[in-house]
There are 2 protein chains.
Amino acid sequence: MSSTLTELTLPQPTVQPREPDSVADRIAASAAATAGRMTTDAFHDWFAARGRAGRFSVERIPFSQLRGWSFEPGTGNLVHASGRFFSVEGLHVTTDQGPHREWFQPIIKQPEVGILGILVKEFDGVLHFLMQAKMEPGNRNLLQLSPTVQATRSNYTKVHKGTDVKYIQYFNGPDRGRILADVLQSEHGSWFFHKSNRNMIVEVTGDVPLDEDFCWLTLGQINELMHRDNLVNMDSRTVLACLPAHRPQLPAPDAFLSALARSRDPETGALLTDVDLLSWFTAERSRHDVRAERIPLSEVPGWTRDETRIGSDDDRWFDVVAVEVQAGNREVTGWTQPLIEPRSRGVAAFLVRSFGGVLHVLANAKVEGGFLDTVELAPTVQASPDNFAGLSVDPPFLDEVLSAGPDRVRYDAIHSEEGGRFLHAENRYLIVEADEAEAPLLPPAGFQWVTVSQLSELVKHGHYVNVQARTLLACLNAMSASTYDFMGTRAHD
Amino acid sequence: MSSTLTELTLPQPTVQPREPDSVADRIAASAAATAGRMTTDAFHDWFAARGRAGRFSVERIPFSQLRGWSFEPGTGNLVHASGRFFSVEGLHVTTDQGPHREWFQPIIKQPEVGILGILVKEFDGVLHFLMQAKMEPGNRNLLQLSPTVQATRSNYTKVHKGTDVKYIQYFNGPDRGRILADVLQSEHGSWFFHKSNRNMIVEVTGDVPLDEDFCWLTLGQINELMHRDNLVNMDSRTVLACLPAHRPQLPAPDAFLSALARSRDPETGALLTDVDLLSWFTAERSRHDVRAERIPLSEVPGWTRDETRIGSDDDRWFDVVAVEVQAGNREVTGWTQPLIEPRSRGVAAFLVRSFGGVLHVLANAKVEGGFLDTVELAPTVQASPDNFAGLSVDPPFLDEVLSAGPDRVRYDAIHSEEGGRFLHAENRYLIVEADEAEAPLLPPAGFQWVTVSQLSELVKHGHYVNVQARTLLACLNAMSASTYDFMGTRAHD
């Protein structure tokens with residue numbers, strides 16, 4: 001207690017700028033690089049070879065053939081004997097707004113926070129991203145491109161006892177590299193109860209051994225792959241959405257890409273100031289009164305369990321099913337597990353417009369029963385159209401998205417959701433240009449126009465932007481002159 | 001579907017800078033103004049007169065004399081017959097860290113989001129804040145200085161049907177003014193389950209009628225009042241903490257105030273970059289596994305209900321009690337209600353140090369059972385010392401705070417917590433200088449050094465900074481050359 005503020009005897013530690021030399025330029029340079037350590041053609045060969053090496057098969061089984069999993073007496077919850085992994089329980093949701101004010105459903109409870117992490121490193125002055133060819137039972141095509149690390153907390157806290165989560169030490173070890181992003185983000189609020197994962201991007205400078213299931217890609221290469229169906233998995237997409245805002249380096253060949261480039265620039269203006277956007281979001285969160293209570297799975301009305309599935313009596317939404325996984329590679333053997341299988345493919349789309357030469361996307365403050373806090377920003381449209389067949393209410397803007405001519409569709413690809421929990425859960429992701437008649441400057445309640453860099457700013461924090469909107473943010477960042485032509489070559493169902 | 005992005009026929013709306021002309025300078029000018037529409041002496045006269053006009057009394061009663069409130073059969077929860085207001089229920093918390101890994105307690109459940117709002121307006125070029133002399137039953141001294149609006153959602157959504165929430169239309173009406181802050185913030189996580197309120201600051205330019213219970217003060221005047229005990233209420237303090245970061249205009253007379261001024265400047269550096277700070281916070285949130293389940297109040301072990309209180313069997317923490325309120329002014333009559341009454345006064349203190357000439361506060365990522373999400377940033381010390389009497393574990397840094405000599409104590413005042421729910425819940429708020437021996441540059445797990453403007457940046461979003469730390473942030477913003485001398489005049493228990 002003898003020193004004072006001005007008499008400290010110890011050497012003063014360095015105070016550094018709160019936002020040091022921006023990495024945005026280096027990320028933009030990586031996005032402009034269409035080839036890196038390997039060409040994209042070579043990537044496809046490598047990826048196909050990894051697929052052949054995997055020998056992985058997934059088969060539906062009745063619940064009675066699950067090993068270690070059972071329906072808990074009393075609650076009917078589907079649980080694992082170890083108490084680990086996850087459980088399927090019931091949820092009762094009531095809200096005070098909208099056409100659906102009360103519903104019951106099964107939901108996955110998995111309280112553990114996992115790490116989804118991408119390691120980045122410069123080669124020849126260009127940032128490369130360490131991506132993984134990873135099989136997951138629910139993936140369409142089984143093998144998809146994953147982040148460097150996808151680990152549950154059970155996995156990664158056992159690292160010091162020896163585990164097979166490769167590269168985890170770069171994310172939670174004492175000598176980890178420079179953090180580019182590290183934020184807890186929600187996952188699907190319709191299927192998960194209060195689930196969040198830690199999304200991390202870490203840059204290292206030292207040597208990194210390369211495992212055979214991993215490859216280094218530039219951001220430009222990943223962005224090109226983002227235009228393919230069912231290739232870049234959900235975990236990769238949500239982590240990529242957490243990249244700091246970066247304006248594309250390539251000149252924009254048309255008005256749309258020019259407006260998109262300005263929208264991605266944090267220096268550019270917007271319809272709403274940041275404080276007005278936060279205020280609108282606060283008002284949206286405040287005006288919804290959402291009560292979501294977990295209940296026993298056996299007490300969920302309107303859903304019926306038979307030998308192979310738990311499904312809704314009106315044949316909508318999703319089923320809970322069971323699968324047997326056979327894995328032929330040397331590290332893991334087979335296992336059984338439950339999965340959620342949606343009844344049909346969903347649509348997740350942003351309607352976009354240019355205001356003052358700056359692209360804006362129409363975000364929707366959406367209630368999902370499993371969100372930690374009432375609403376998050378979702379795509380303009382996020383729905384499975386088949387769920388609404390025969391009903392009197394259609395999701396707003398669904399027609400505008402589905403009826404858009406090809407000249408208005410700026411991005412269109414099918415992506416799988418989390419393949420470790422969902423079976424063939426696909427969404428068609430779309431970026432669709434709209435006009436005043438389709439998407440007015442003054443949108444209906446619950447909708448708001450935001451720029452891409454405003455979304456990037458919100459994604460620095462959790463519980464603002466939902467997982468589908470984060471995929472679309474990654475898509476918007478993936479669109480540039482180099483990836484743009486790719487669009488013309490594909491035809492969709 | 002005929003227009004394209006470049007052929008819009010409607011006039012283009014204006015795109016504006018995302019952060020328009022900063023209000024920070026005008027706020028700093030108001031903070032430098034030690035007198036405004038009335039002198040501070042005149043304020044004290046007015047405030048005393050409002051106290052005499054109020055004729056308000058609060059008396060403890062047994063639970064059986066509560067009107068409209070009762071213990072619900074079965075659960076034993078203390079509820080109101082209308083289903084409105086709030087309820088007192090039970091909470092069961094388990095965590096995987098720290099000395100206390102499981103506990104049970106009563107807790108207030110009040111799911112409604114309220115508005116705490118301060119209206120600001122320029123008079124003679126200086127921003128003034130519209131403050132209210134408001135009686136609340138739990139307040140020490142009953143009358144304290146409140147925000148313009150303190151309204152529950154039940155109150156403010158009925159505005160169009162006529163209600164007595166004065167000035168509410170400036171916060172949720174269609175013609176409200178310019179938003180300076182609007183964010184959902186948590187309240188006491190030890191006493192409330194998942195409670196949050198909307199903290200708003202709105203600037204208007206038109207005429208505002210002045211009700212007799214309200215007065216316009218400059219920020220400099222409020223900052224001076226912040227140095228008095230039990231005058232500026234909790235609601236005012238949390239709203240003031242949401243003011244945009246603003247560096248003081250007055251020259252700093254000593255090294256401490258210089259370091260504080262730099263710390264409040266968003267352009268100044270810090271020990272941690274912003275992304276590293278967010279990463280540390282994410283890691284803190286991820287490493288805690290907190291399960292907080294509501295249970296029936298009658299099933300809370302270790303707590304006993306008698307005729308007048310529900311208290312812990314080891315005579316610590318708090319009691320649930322009941323009061324009868326007599327209100328003599330013309331608009332409201334008497335009522336009865338439960339309140340939470342802490343057993344003893346708490347301490348909420350930041351240890352602070354200057355690194356590189358920039359003041360840093362030592363924040364603690366603290367678990368509270370009622371938080372929506374595991375941890376929030378709390379003061380270095382937040383505890384009621386009496387709760388730890390006879391126990392083997394003392395809160396970290398408590399000794400360093402309580403044993404600090406007067407030369408190290410830079411701020412010291414007693415403030416009341418929410419007087420509508422808590423009875424005489426006082427904390428002694430302290431800002432205490434420390435050195436390397438007391439508070440090392442590399443602090444223990446769960447603690448981190450942050451600048452004042454980093455705290456201000458986090459407070460733009462909810463669930464980062466808890467209500468006690470927000471009070472201390474308001475205190476740090478209240479310290480300037482003009483308020484500083486005030487400290488020398490007071491002696492504390």
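A: Y170(A) is buried, with a relative accessible area of 15%; buried means under 20%, exposed over 50% and partly exposed in between, with a 1.4 Å probe and protein chains only. The model is predicted, so local features need pLDDT of at least 70 and side-chain atom pairs count only at pLDDT 80 or more, while totals for chains, interfaces and linings use all residues. Residues are numbered from 1 along each chain as its sequence is written, chains are lettered from A in the order in which they are written, and side-chain values use heavy atoms, with hydrogens and water left out.

Y170(A) sits in helix α4 of chain A, residues 169-172. Helices here are DSSP runs of H or I with at least four residues, strands are runs of E with at least two, and both are numbered from the N terminus. Setting aside neighbours within four places in sequence, Y170(A) is in contact (heavy atoms within 4.5 Å) with L119(A), R176(A), G177(A), V202(A), V204(A), D207(A), V208(A) and P209(A). From Y170(A) to T39(A) the separation is 131 residues in sequence and 26 Å in space, C-alpha to C-alpha.

L119(A) is among the contacts of Y170(A) and also touches F129(A). Not counting residues up to four places away in sequence, F129(A) touches others including I118(A), V120(A), W216(A), L217(A), I222(A), L240(A) and L243(A). F129(A) belongs to the largest nonpolar core, of 96 residues, where F129(A), F43(A), F350(A), I431(A) and L476(A) touch the most other members. Such a core is a set of buried Ala, Val, Leu, Ile, Met, Phe, Trp, Tyr and Cys residues joined through side-chain atoms within 4.5 Å. In soluble globular proteins, nonpolar side chains tend to be buried together.

Now the whole chain. Chain A has twelve helices and 25 strands, and 60% of its 493 residues count as buried. Of the contacts in chain A with a separation of 6 or more, 73% are between residues 24 or more positions apart. A compact globule of 493 residues would have a radius of gyration near 23 Å, and chain A agrees, with 23 Å; this radius is taken over C-alpha atoms, and the globule rule is 2.2 Å times the number of residues to the power 0.38. The C-alpha trace of chain A spans about 65 × 65 × 60 Å along its principal axes.
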